[in-house]
Structure formats: structure tokens, C-alpha cells
Amino acid sequence: MACRGGCCSSAGRLNADNARFLLLAVLIVLYMLCGAAVFSAIELPTEREAKERWEERLENFTRRHNLSRAELRHFLREYEEASVAGIRVDDIRPRWDFTGAFYFVGTVVSTIVENYFATPPE
């Protein structure tokens, strides 16, 4: 059976639009890989130094206060959970008092309104 009007395509051939899309996808992936390499090269040494300083502080603290490393890590995990839940160490106002809640609602409403008017009507 013959192919008429260019409606048939071979499995191994790409048309121009698909080839451009594939080239664009490959270029985007290469751009992302290069960006990841740059950020990793810049940020990873600093992160490692900060981690080493933190480990030294933990070691000094556990030695000075006669704590086991496991006890201190457990306490710090509990502190992180409390912090994520909004509990603060200092005695400033609560995060979810009326003023804080009003600020949150204003942020949500302004984001929704901004996104609503930013998208063109269909």
C-alpha cells in the first residue's frame, strides 16, 4: 500500500517540529546540568565547612555539659519539630494571633487576586 499525501511516517524519522522540540529539550537538560554543576561547585564547599563547624560545636557542647551525642540530637530534633509547629523559644507574640492570621489571609488573597488578573481571559 502506497503512502499518499505525506500522511504516513516511518518509525525512525522525525518531522521538523518534533526535531526542534527534541533539540530544545536536550538543550534545556544540558543547561540545567551546567547550572547544577556551577551551583554545586560554589555551594558545596561552604556547606561542608558549615557542617564541620556545627559538628565541632555539638562536640564541644556535649563535652562541656556532660551529655551524650544521642541525647543532644534527640533534643534538637524535638526543637526542630516545635519550631516547625510555630512554637518559639523567645516570648514574643504568638505566630497565629489575630494580627498574624490577618497578615496570612491578606497574603493568600493578594496572591490569588494577582494570579487571577495576571492570566488573560479565554
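Glu-59 is partly exposed, with a relative accessible area of 31%. Here partly exposed lies between buried (under 20% relative accessible area) and exposed (over 50%), with a 1.4 Å probe and protein chains only. The model is predicted, so local features need pLDDT of at least 70 and side-chain atom pairs count only at pLDDT 80 or more, while totals for chains, interfaces and linings use all residues. Residues are numbered from 1 along each chain as its sequence is written, and side-chain values use heavy atoms, with hydrogens and water left out.

Glu-59 forms a salt bridge with Arg-69, and the closest N and O atoms are 2.7 Å apart. This pair links distant parts of the chain: Glu-59 sits in helix 1, Arg-69 in helix 2, 10 residues apart. A salt bridge is a side-chain nitrogen of Lys or Arg within 4 Å of a carboxyl oxygen of Asp or Glu. Side chains of opposite charge can pair when their charged atoms come close. By the salt-bridge rule, the count comes to 6.

Arg-69 also meets Glu-55 in a salt bridge (2.2 Å, N to O). Again the partners belong to distant parts of the chain, with Arg-69 in helix 2 and Glu-55 in helix 1, 14 residues apart. Arg-69 is partly exposed, at 26% relative accessible area. Glu-55 counts as partly exposed too, at 22%. A further salt bridge joins Glu-55 to Arg-73, with 3.1 Å between the closest N and O atoms. Glu-55 lies in helix 1 and Arg-73 in helix 2, so this pair ties together parts that are 18 residues apart in sequence. Arg-73 is partly exposed, at 30% relative accessibility. Lys-51, Glu-55, Glu-59, Arg-63, Arg-69 and Arg-73 are linked in a network of salt bridges.

The chain has 3 helices and 0 strands. Helices (H or I, at least four residues) and strands (E, at least two) are DSSP runs, numbered from the N terminus. Confidence is given as pLDDT, the predictor's confidence in each residue, from 0 to 100. The mean pLDDT of the chain is 86, and 86% of its residues reach 70 or more. Among the helices, confidence is highest in helix 1 (residues 16–64), at a mean of 94, and lowest in helix 3 (residues 98–118), at 87.

Helix 2 (residues 69–84) has 16 residues. Its first and last C-alpha atoms are 23 Å apart, close to the 22 Å expected. The expected span is 1.5 Å times one less than the number of residues. Gly-86 follows helix 2, with a positive phi near 100 degrees. Gly-86 is buried, at 17% relative accessible area. Gly-86 and Trp-96 are 10 residues apart in sequence and 8.3 Å apart in space, C-alpha to C-alpha.

Of the 122 residues of the chain, 4% count as buried. Val-108, in helix 3, is partly exposed, at 35% relative accessible area.

UniProt lists residues 21–42 as "transmembrane region" in an unreviewed entry. UniProt positions follow the numbering used here, feature names are shortened, and annotations may be inferred rather than shown by experiment. Residues 21–42 are 100% helix and 0% strand, and their end C-alpha atoms lie 32 Å apart. The unreviewed UniProt entry also places "coiled-coil region" at residues 44–71. That span is 86% helix and 0% strand, with its end C-alpha atoms 29 Å apart.
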